[in-house]
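Biologist: Please take one part of this model and go through it closely, atom by atom where that helps. Then follow on to whatever else can be said about the two chains.

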Amino acid sequence: MSKSDHIKEKFNSLFSSISEKDRSDIDAKVLMFRFLEIVEEERKQKNFSRKDLAESMGVSPAFVSQLFNGDKLLNLVHLAKLQKALGIEFEIKNEAIREENFKDYIPKGDGKGVWVYKPFVEPDYEKMETLPEAGECFNIVA
Amino acid sequence: MRRKAQIIQSSEDGKRKIAVDEENGESIFEFLEEKKLAKKFAMICELLIRGIKNADLYGREEIDTYSKGVTAIKFKGRQNTRIYCKELTTEDEVLIVIVSELHKKKKNQKNKSPEKSLIHKVASYEYKIE
């Protein structure tokens, strides 16, 4: 095995050996860091120190450091206190993660409209209550 | 001479990638395993891939004009390890973070001679990405 393949394999094993529990923990911390990124921007803008932040959250400065280091997790009470202290409101929105990869389906214009072509997947006619009418379009990409 | 680096992670849109220095990759990997820092490393990689900023875990180490593009992955705590990295942006605007040099223990809060020497060393590296 070449040196380059060996290195790749080692790091692949590092990422893939992370347990389900640790993966959830990482996901939770990544989510927390999305909030903390905003908190840090606002804190600097308002000339707040980390100590001020800790006081407003009712926690110690060491705890704040542990949060930013990813050694502890924020809870919703902390978030509510941060909103109040910084005079901000976190916007909540959801975005569905699509299983399919749409980046390969490049929209094409033909002068009448824009069309997105995707591979045709044969439907399971047995499971369909009614068969589609001739010319009826199904399996449309939204 | 140009050093080689291997891509180990890539964002979904391919605009952010993480690579490892081929010469130092093995020792960095072994250190992460030995010190049980693999999970934290994976978490920091996830932040880099998603473009989430956190200066406590990753940040610029541009201490002077000779250290352009040098950054560090920070493992704060008793061991206080740093992994110095080099950031490159390709012509097609892909950001590549190359994990380059391991500094097992940063003993001072400020960058002293061992840190400065490593930062300058990483700054001088030229890479061929594979």
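Predicted model: local features only at pLDDT ≥ 70, side-chain atom pairs only at ≥ 80, totals over all residues.

Modeller: At the start of helix H5 of chain A, a side-chain oxygen of A:Asn75 comes to within 3.0 Å of the backbone nitrogen of A:Val77. Residues are numbered from 1 along each chain as its sequence is written, chains are lettered from A and ligands numbered from 1 in the order in which they are written, and side-chain values use heavy atoms, with hydrogens and water left out.

H5(A) covers residues 76-86, and A:His78, A:Leu79, A:Leu82 and A:Leu86 are buried in it. Viewed down the axis of H5(A), these residues lie within an arc of 100 degrees, so they line one face of the helix; the arc is taken over the directions from the helix axis to the C-beta atoms. An α-helix has 3.6 residues a turn, so residues three or four places apart point the same way. The other side of H5(A) has A:Leu76, A:Val77 and A:Lys84 exposed. Buried means under 20% relative accessible area, exposed over 50%, and partly exposed in between, with a 1.4 Å probe and protein chains only.

The buried residues of H5(A) pack against three helices of chain A: H2 (20-45), H3 (50-57) and H4 (61-68). Contact here means heavy atoms within 4.5 Å. After the helix comes A:Gly87, with a positive phi near 65 degrees.

On confidence, chain A has a mean pLDDT of 85, and 76% of its residues reach 70 or more; pLDDT is the predictor's confidence in each residue, from 0 to 100.

A:Lys29 forms a salt bridge with A:Asp25, the closest N and O atoms being 3.1 Å apart. A salt bridge is a side-chain nitrogen of Lys or Arg within 4 Å of a carboxyl oxygen of Asp or Glu. A:Lys29 and A:Asp25 are four residues apart in H2(A) and therefore separated by about one helical turn. A:Lys29 counts as buried, because its relative accessibility is 10%.

A second bridge joins A:Arg50 and A:Glu40, with the closest N and O atoms 3.2 Å apart. That pair links distant parts of the chain, A:Arg50 being in H3(A) and A:Glu40 in H2(A), 10 residues apart. A:Glu40 is buried, at 14% relative accessibility.

A:Arg50 leads on to chain B. Its side chain meets that of B:Asp56 in a salt bridge of 2.8 Å, N to O. A network of salt bridges links A:Glu40, A:Arg43, A:Arg50, B:Asp56 and B:Lys76.

On chain B, strand E1 (3-10), helix H1 and helix H2 (38-50) each supply at least two residues of the side that touches chain A. The largest share of that side, 10 residues, comes from H2(B).

The contact takes 33 residues from chain B and 27 from chain A. The two chains bury about 2,700 Å² between them, 63% of it on carbon and sulfur atoms. B:Phe29, B:Lys39 and B:Met43 supply 22% of the area that chain B buries against chain A, more than any other three residues. Buried area is the accessible area (1.4 Å probe) that two parts lose on being put together, summed over both.

Within chain B, B:Asn24 lies in the loop between strand E2 (16-21) and helix H1 (25-34). At 15% relative accessibility, B:Asn24 counts as buried, and a polar contact of 3.1 Å joins its side chain to that of B:Glu101.

How values were computed: Polar contact = N/O pair within 3.5 Å; in protein donor to acceptor, adjacent residues only side chain to side chain.
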